[in-house]
Amino acid sequence: LRANTVRANLKSGVQLSEGTDALLEENEIKEGRGSGVYIYEDARGLLRRNQIVGNVGIGVRIEESAPRLEHNVVSSGGDVGISVSGLTSAQRPTSGDKDITSAAAGDESPTGGDSGERPSVIVQPE
């Protein structure tokens, strides 16, 4: 999927599952009511240079899968920026993302300071 706009969905903007190995590149995935991108059930793939902005749910939700994320912008969401859960050590995703902006800019704290904000990235091992 390349150079698409996915906007204002009732659920996830994009879902990858069941071993899918897709390329998502230069897409705008925004203003959805669920997660921007939901990756689960052993999916892989590459997310590169996407704008995942303003979704009510988690920006990129990864469960029991191992995608690669490179140079994406995940911001202004209603929940955490990126959530990773249910992985074995062999499945860990890799990320070259340089802009995860749900937390306060320049703050070293994973929760964006003491303002009660949720962290931008959560990794939960099994």
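The following legends describe close-up views of a predicted model of one protein chain.

Residues are numbered from 1 along each chain as its sequence is written, and side-chain values rest on heavy atoms, with hydrogens and water left out. As the model is predicted, local features need pLDDT of at least 70 and side-chain atom pairs count only at pLDDT 80 or more, whereas totals for chains, interfaces and linings use all residues.

**Figure 1. Overview of the chain.**
The chain contains 14 strands and 0 helices; helices (H or I, at least four residues) and strands (E, at least two) are DSSP runs numbered from the N terminus. Its pattern along the sequence is accordingly β-β-β-β-β-β-β-β-β-β-β-β-β-β. Of the 126 residues, 41% are buried; buried means under 20% relative accessible area, exposed over 50%, and partly exposed in between (1.4 Å probe, protein chains only). The accessible surface of the chain is about 6700 Å², and carbon and sulfur atoms contribute 46% of this surface. Accessible areas come from the Shrake-Rupley method with a 1.4 Å probe, and for residues only the protein chains shown count as cover. Among contacts with a separation of 6 or more, 39% join residues 24 or more positions apart, a contact being heavy atoms within 4.5 Å.

**Figure 2. The salt bridge between Arg7 and Glu31.**
The whole structure holds 9 salt bridges, each defined as a side-chain nitrogen of Lys or Arg within 4 Å of a carboxyl oxygen of Asp or Glu. In this view, the closest N and O atoms of Arg7 and Glu31 are 2.7 Å apart. Arg7 belongs to strand β1 and Glu31 to the loop between β4 (28–30) and β5, so the pair ties together parts that are 24 residues apart in sequence. Arg7 is exposed at 52% relative accessibility, whereas Glu31 is partly exposed at 39%.

**Figure 3. Arg48 with its partners Glu25 and Glu70.**
Arg48 forms a salt bridge with Glu25, with 3.0 Å between the closest N and O atoms. This pair links distant parts of the chain, since Arg48 lies in strand β6 and Glu25 in strand β3 (residues 23–25), 23 residues apart. A salt bridge also joins the side chains of Arg48 and Glu70, at 3.3 Å from N to O. Here Glu70 comes from strand β9 (residues 68–70) and Arg48 from strand β6, so the pair ties together parts that are 22 residues apart in sequence. Arg48 counts as partly exposed, at 22% relative accessibility. Its two partners are buried: Glu25 has a relative accessibility of 6% and Glu70 one of 15%. These residues belong to a salt-bridge network formed by Arg2, Glu25, Glu26, Arg48, Arg49, Arg68 and Glu70.

**Figure 4. A negative surface patch of Glu18, Glu41, Asp42 and Glu64.**
Patches are made of residues with over 30% relative accessible area and no salt bridge; like charges are joined within 9 Å, and nonpolar side chains (Val, Leu, Ile, Met, Phe, Trp, Tyr) within 5 Å. Lys and Arg count as positive and Asp and Glu as negative, while His and the chain ends are not counted; the place of a charge is taken as NZ of Lys, CZ of Arg, CG of Asp or CD of Glu. Glu18 is located in the loop between β2 and β3 and is exposed, with a relative accessible area of 65%. Its phi is near 50°, a positive value in a residue other than glycine. Glu41 sits in the loop between β5 (37–40) and β6 (46–48) and is partly exposed at 40%. Asp42 is placed in the loop between β5 and β6, is partly exposed at 43%, and has a positive phi of about 70° although it is not a glycine.

Not counting residues up to four places away in sequence, Ser12 touches Gly34, Ser35, Gly36 and Tyr38. Leaving aside neighbours within four places in sequence, the contacts of Ile58 are Ser35, Gly36, Asp79, Val80, Gly81, Ile82 and Ser83. The C-alpha atoms of Ile58 and Gly78 are separated by 7.1 Å, although these residues are 20 residues apart along the chain.
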